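Dear colleague,

Please find below the structure that I am handing over to you.

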Amino acid sequence: MKITDVKAYVLGTRWRNLIVLKVETDEGIYGLGEATTVNRDKAVLGYLEEMKHRHLIGRDPFDVEAIWRRIYTGDFIRGGWDAASVQSAVDVACYDIMGKALGVPVWKLIGGRFRDRVPVYANGWYTVERTPEAVAGRVEAVLEKGYRAFKIDPFGHGEGELSKDEFRKSIQILEALRERVGPGVEIFVEGHARFTVNTAVRLAKAMEPLDIGWFEEPCTWDYAVGWGEVRARTTIPIAGGEHFFQRYMYREVFETRSVDIIQPDMNFIGGFTEMRKVAAMADTYTVLVAPHNSQGPLNTAATLHFAVSCPNFKIQECFDDFFEPHVREAFPGAPRQVGGCFEVPTAPGLGVELNEEVFEKHPYRPLYFSLFEEDWERREARRLGE
């Protein structure tokens, strides 16, 4: 079997474009992988067109290690969201091809079944006015869908430090959520790498009485050992790592014991080939894995297959229930959570297909989205040039 082409499909949403790669072969079997980024869409598409002729066409999709290494080392300049997203999507698509060719779900190719159900938490749900009352009211939609865990960034567009009013408001939002959902629902807090170490520690201390499941990337990922400084001064577990490409970027946070939970993203880390290695590294440091996934249903499906087989997996992130309806329509066969869990998939490969008509109706949108602009939590991006 040989790869004959790699095609890109782009689906527009209100706050980002979802990019899907389709790896085609000479035996008529194809595989899918997601290459979604934020604010880098044209870079991803441009890189794909250049690299597929250098590294993919004519190669056996079963040779995932060789393909991964060729992409990583073959262009000399390594890393970056555009290259990492394409590399990851190609790797996922190759496993999709292998599963279809062999008639088995991908999880059977990467270690087999370790668990019967995969816990999942909701994100992307708090698209309302940033007040304790509005956010606590909105969380009812999360509970009604069966989730028993969710994540929120309550900090507005804060960066570095927070004013006294903003500090108080952020904690009041979390207090209102805990009061509304009770003690049995897990609340994860997203820091989006916003704060100085000192501010992050003060926030963590204020959150400790609320039984927070983790404080995610409280300080910049450019100084990830700062997470460890926060970790040493709070009882709240510290999570991070969604922006790291490949295993090499995790070495420092493991060696410095800076995290309790790592969050590699299937869309950036290098696909299944690299995700398994990062999880194994984490296991040697007794660190759990809670994969990041702010992309679409295809990345959700790929992450699910990984979660089924990963021994030190904790919980999976999911935006799917809070995207526009056409996003789910675009991916027939995508998994759906029930009671806060995914069932183990049984279809060959990833078990997800593309509805190309939906892609045609909702094409690429020229968007710009920033987490550091006011009202970002409403997930309504600006059009480029505005």
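Glu24 is buried, at a relative accessible area of 18%, where buried means under 20% relative accessible area, exposed means over 50%, and partly exposed lies in between (1.4 Å probe, protein chains only). Its side chain meets that of Lys7 in a salt bridge, at 3.3 Å from N to O; a salt bridge here is a side-chain nitrogen of Lys or Arg within 4 Å of a carboxyl oxygen of Asp or Glu. This pair links distant parts of the chain, with Lys7 in strand E1 and Glu24 in strand E2, 17 residues apart. Lys7 is partly exposed, with a relative accessible area of 35%.

Please note that this is a predicted model, in which local features need pLDDT of at least 70 and side-chain atom pairs count only at pLDDT 80 or more, while totals for chains, interfaces and linings use all residues. Residues are numbered from 1 along each chain as its sequence is written, and side-chain values use heavy atoms, with hydrogens and water left out.

As to the protein chain as a whole, it has 13 helices and 14 strands; helices (H or I, at least four residues) and strands (E, at least two) are DSSP runs, numbered from the N terminus. For 386 residues, a compact globule would have a radius of gyration near 21 Å, and the 20 Å of the protein chain agrees with this. That radius is taken over C-alpha atoms, and the globule rule is 2.2 Å times the number of residues to the power 0.38. Along the principal axes, the C-alpha atoms fill a box of roughly 60 × 45 × 45 Å. Buried residues account for 60% of the 386 residues. Of the contacts in the protein chain with a separation of 6 or more, 72% are between residues 24 or more positions apart; contact means heavy atoms within 4.5 Å.

Strands E1 and E2 belong to an open sheet of three strands, in the order E1-E2-E3 and with antiparallel pairing. Two strands pair if DSSP finds at least two bridges between them. Strand E1 (3-12) and strand E3 (30-34) are the edge strands, each pairing on one side only. From one strand to the next, the twist averages 20 degrees; axes are lines fitted to C-alpha atoms, for helices over the stretch in contact, and angles run from 0 to 180 degrees between N-to-C directions. Strand E2 (residues 17-25) is joined to E3 by five bridges, and the two run antiparallel. Within this pairing, Leu21 has Gly33 in E3 as its bridge partner. Helix H11 (residues 297-309) packs on the sheet, where it touches E2 and E3, and its direction makes about 100 degrees with that of E3. Helix H1 (residues 41-55) lies across E1 and E2 and runs at about 170 degrees to E1.

Which residues have the most contacts inside the largest nonpolar core? They are Trp125, Phe150, Leu177, Phe215, Phe272 and Phe331, in a core of 117 residues. A nonpolar core is a set of buried Ala, Val, Leu, Ile, Met, Phe, Trp, Tyr and Cys residues joined through side-chain atoms within 4.5 Å. Helix H3 (residues 81-102) contributes the largest share of this core, 10 residues. Leaving aside neighbours within four places in sequence, the residues in contact with Phe331 include Leu11, Leu18, Val20, Pro297 and Leu298.

The structure holds 22 salt bridges. One of them joins the side chains of Glu324 and Arg14, at 3.6 Å from N to O. Glu324 lies in the loop between strand E11 (316-318) and helix H12 (325-329), and Arg14 in the loop between E1 and E2, 310 residues apart. Glu324 is buried, with a relative accessible area of 16%, whereas Arg14, at 25%, counts as partly exposed.

A further salt bridge is formed by the side chains of Glu140 and Arg180, at 3.4 Å from N to O. Glu140 lies in helix H4 and Arg180 in helix H5 (residues 164-181), so the pair ties together parts that are 40 residues apart in sequence.

Yours sincerely
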